[in-house]
Amino acid sequence: SAPWRLVKAQAGGGPMMDLGGYIIQGACMAASGVAPVAVTARDIPKTRPDLFIDVEEGTRWTMEFPDGAVCDAFTSYAHSADTFRAEGAKGFIEFKERAFTYNGAIVETSRGKLDFGPYVNQQARQIDDFAVCVREGRESRVPGEMGRRDLVIVEAIYESVRTGKRTMVNV
């Protein structure tokens with residue numbers, strides 16, 4: 001029996017569904033919080049077709065933002081990379097290591113290195129914040145609409161892979 005991450009009915013998809021959201025979030029944040037208007041994507045050739053029967057092994061995609069910004073991205077279960085770089089007119093930020101893991105990020109910017117201080121459990125803090133939001137009746141910093149936006153983008157990426165064409169994102 002395949003691990004649940006390799007069963008589409010259980011995981012929803014492969015590394016795009018599992019890990020792609022982190023890249024999408026980073027790109028949208030780097031683009032001042034806006035969603036891309038279009039995507040172009042393709043799955044990488046499977047090196048383990050015996051293992052990746054039901055889901056993709058990896059995907060390369062490009063997101064086009066309204067202001068002309070572009071994000072070239074890649075996610076894969078066969079490669080181990082955990083980096084992110086955004087560049088703009090006022091400088092850059094680069095997560096050189098552990099961009100999407102929960103601690104130990106090594107980050108440089110055009111203004112110097114970032115120091116995140118002592119380790120904190122980010123997931124625990126987020127869950128605690130959800131509870132406080134419910135208790136105090138306030139909005140979460142990561143509302144459901146953001147998750148919906150990200151899934152619309154993921155679905156557009158899958159559609160681009162399926163058709164081989166540039167796909168508009170209708171958020």
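**Sheet and core look-up**

I began with the pairing of β1 and β8, which is antiparallel and extends over 2 bridges. The model is a predicted one. In this pairing I found V39 opposite T167 of β8.

I then traced the whole sheet. It is open and holds 4 strands, ordered β3-β2-β1-β8, with antiparallel pairing. At its edges I noted β3 and β8 (167-168), each of which pairs on one side only.

Next I looked up the helices against the sheet. I found α2 packed on the sheet, where it touches β2 and β3. The direction of α2 makes about 155° with that of β3. I recorded α4 as lying across β1, β2 and β8, at about 55° to β1.

I turned to the nonpolar cores. Which residues have the most contacts inside the largest core? I listed I24, W61, M63, F65, C71, I153 and I157, in a core of 20 residues. The elements giving two or more residues to this core are α2 (15-30), β1 (38-43), β2 (58-64), β3 (70-76) and α4 (144-163). I noted another core apart from this one, with 5 residues, including F84, A86, F95 and V107.

What does I24 touch, leaving out residues up to four places away in sequence? I found W61, M63, D150, I153, V154 and I157.

Conventions: Residues numbered from 1 in each chain as written. Predicted model: local features only at pLDDT ≥ 70, side-chain atom pairs only at ≥ 80, totals over all residues. Heavy atoms only, no water. Core = buried A, V, L, I, M, F, W, Y, C linked by side-chain atoms within 4.5 Å. Buried < 20%, exposed > 50% of the residue type's maximum accessible area, 1.4 Å probe, protein only. Contact = heavy atoms within 4.5 Å. Pairing = 2+ DSSP bridges. Axes fitted to C-alpha atoms, helices over the stretch in contact; angles between N-to-C directions.
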